[in-house]
Amino acid sequence: MLWHIALMSGPLRLKHHWMFCIAAMALWMFWGWPVVRAYMAGAAIRDAHVPELWFVPFTLFGASVLVAMIPRLRPSVFWSLLFVQVAAVAAMAAFVPWAGMSTFLVIVAWQAAMATGAVKAVSWVAFQTLVIVIALAQALNPDLCWVIGESVALQLLLVFAAQALRREAQTGRALAQTNRELRSAQAIIANNVRSAERLRISRELHDAWGHELTALGLQLEIASHTDAVRAKDHVTQAKGLASALLTKVRDVVSTLGEAERCDLKEALETLAHSVPRPAIHVNVSPGVQVTPDQAHALMRCAQEAVTNAMRHAEAANLWLQVTPDGEGVRLVARDDGHAAPAASAAGSGLIGMRERVESLGGKLAVRTGADAGFTVDAWLPSRTPQTA
């Protein structure tokens, strides 16, 4: 039941986290069972009887492992729990000087390897192995070679396996980000191509047909005043037809001009569908109209918010809301994560977002909070200022 509680504690941070939850609690009970059985039978292990105090560090170890499985723990709390686990294993070895106690360190090594890089993980393995060696050495136990050999080898094996899983997850996130950027860029480029084509057609209709029909109307107007009376009715009908055609051309031009606006909602929904996690919720008000340059800037802001939610915040949800705001348009991207990149860091995506928004005359605000997640607030004016 312990592993079931761990599974139901919240969203899992890592792809294989649930497997470790089951395995860790199962190994904790499996490796502790020989000692529990010896205590119940009154037997000795390595010529030493099991005292009742041994169950205190044993229970503390299992509880600390269970708490460490809770998602979104602060790093300081997480590493403190690992120190508690190592201390509990050392206490168990001090009460029962049996080298088999070192097998509990495998659980600790896996947790450390999934939370940090290879060098730090190997250093942690060396540290906790040294602690258990010291605890066993106090009883002059001859099984120190087993601890240094098989236990360390098993810990290192799991460390390298955990590092492989970390690299796989990082590669998957990088590929997802690249795919997301390609899909967004494709949507923006396709929209720009459609806008350019619409503009070209509208200009062609206006410059060619509009000029010809205006000239036709002018010529017929002159003819209506100069020709004979019997031809006047036919000329008047021709002039009315020309005027009707000119009105239709202007209607087409007006319709095509209105279609020039960028479909930002479609681009954001494409971005949302390209990301498996976090879940992205898009809400674009019907009255929002943006230029291609503004759509590109807002899409970049949305992409950076998604990247932060995936890489840093470990968020489960991200909300993208675009609404008209005064004389402009506003994009608010908010997640339910717990971390955000430093805005002042060199090369940070926040700097690029701010420069892109300000180049269009807009403003960018970033807000973070322990319970509010990471929020990006970008505002762009309806009319982009012209550069000199």
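Reader: Start with Phe104. Buried or exposed?
Author: Keep in mind that this is a predicted model. Phe104 has a relative accessible area of 0%. The cut-off for buried is under 20%, so Phe104 is buried.

Reader: What is the count of aromatic pairs?
Author: The count comes to 12 aromatic pairs. In one of them, the ring centres of Phe58 and Phe104 are 6.3 Å apart. Their planes are at 80°, so that pair is edge-to-face.

Reader: Where do Phe58 and Phe104 lie?
Author: Phe58 is in helix α3, and Phe104 is in the loop between α4 and α5. The pair therefore ties together parts that are 46 residues apart in sequence.

Reader: And Phe58, buried or exposed?
Author: Phe58 counts as buried, at 8% relative accessibility.

Reader: How are the rings of Phe78 and Trp79 arranged?
Author: Edge-to-face, because their planes are at 80°. The ring centres are 5.7 Å apart. Phe78 is buried, at 8% relative accessibility. Trp79 is partly exposed, with a relative accessible area of 25%.

Reader: Which residues do ring pairs link into a cluster?
Author: Trp28, Trp31, Tyr39, Trp54, Phe55, Phe58, Phe61 and Phe104.

Reader: Switch to the largest nonpolar core. How many residues?
Author: The largest nonpolar core has 49 residues. Those that touch the most other members are Trp54, Phe61, Met92, Met101, Phe104 and Ile107.

Reader: Which elements give two or more residues to this core?
Author: These are α2 (17-41), α3 (55-68), α4 (75-95), α5, α6 (118-137) and α7 (144-226).

Reader: Where does Ser64 lie?
Author: Ser64 is in helix α3. At 4% relative accessibility, Ser64 counts as buried.

Reader: What is Ser64 in contact with?
Author: Leu81, Val84 and Gln85, leaving aside its neighbours within four places in sequence.

Reader: Charges now. How many salt bridges in the whole structure?
Author: A search of the whole structure finds 3 salt bridges. In one of them, the side chains of Asp325 and Arg330 meet at 2.4 Å, N to O.

Reader: What about Arg330 and Asp377?
Author: Arg330 forms a salt bridge with Asp377, and the closest N and O atoms are 2.7 Å apart. Arg330 is in strand β5 (residues 328-335) and Asp377 in strand β7 (residues 373-381), so the pair ties together parts that are 47 residues apart in sequence.

Reader: Asp377 itself, buried or exposed?
Author: Asp377 counts as buried, at 12% relative accessibility.

Reader: How far apart are the closest N and O atoms of Asp377 and Arg367?
Author: They are 3.7 Å apart, in a salt bridge. This pair links Asp377 in strand β7 to Arg367 in strand β6 (residues 363-369), 10 residues apart. Arg367 is partly exposed, with a relative accessible area of 43%.

Reader: Which residues do the shared partners join into one network?
Author: Salt bridges that share partners join Asp325, Arg330, Arg367 and Asp377.

Reader: Last one. Where does the charged end of Arg334 sit?
Author: The charged end of Arg334 sits over the ring of Trp319, 4.4 Å from the ring centre.

Definitions and conventions: Residues are numbered from 1 along each chain as its sequence is written. This is a predicted model: local features need pLDDT of at least 70, side-chain atom pairs count only at pLDDT 80 or more; totals for chains, interfaces and linings use all residues. Side-chain values use heavy atoms; hydrogens and water are left out. A nonpolar core is a set of buried Ala, Val, Leu, Ile, Met, Phe, Trp, Tyr and Cys residues joined through side-chain atoms within 4.5 Å. Buried means under 20% relative accessible area, exposed over 50%, partly exposed in between (1.4 Å probe, protein chains only). Helices (H or I, at least four residues) and strands (E, at least two) are DSSP runs, numbered from the N terminus. Contact means heavy atoms within 4.5 Å. Rings of Phe, Tyr and Trp (its six-membered ring) pair if their centres lie within 6.5 Å; planes under 30 degrees apart count as stacked, over 60 as edge-to-face and the rest as tilted. A charge sits over a ring if NZ of Lys or CZ of Arg is within 6 Å of the ring centre and within 35 degrees of the ring normal. A salt bridge is a side-chain nitrogen of Lys or Arg within 4 Å of a carboxyl oxygen of Asp or Glu.
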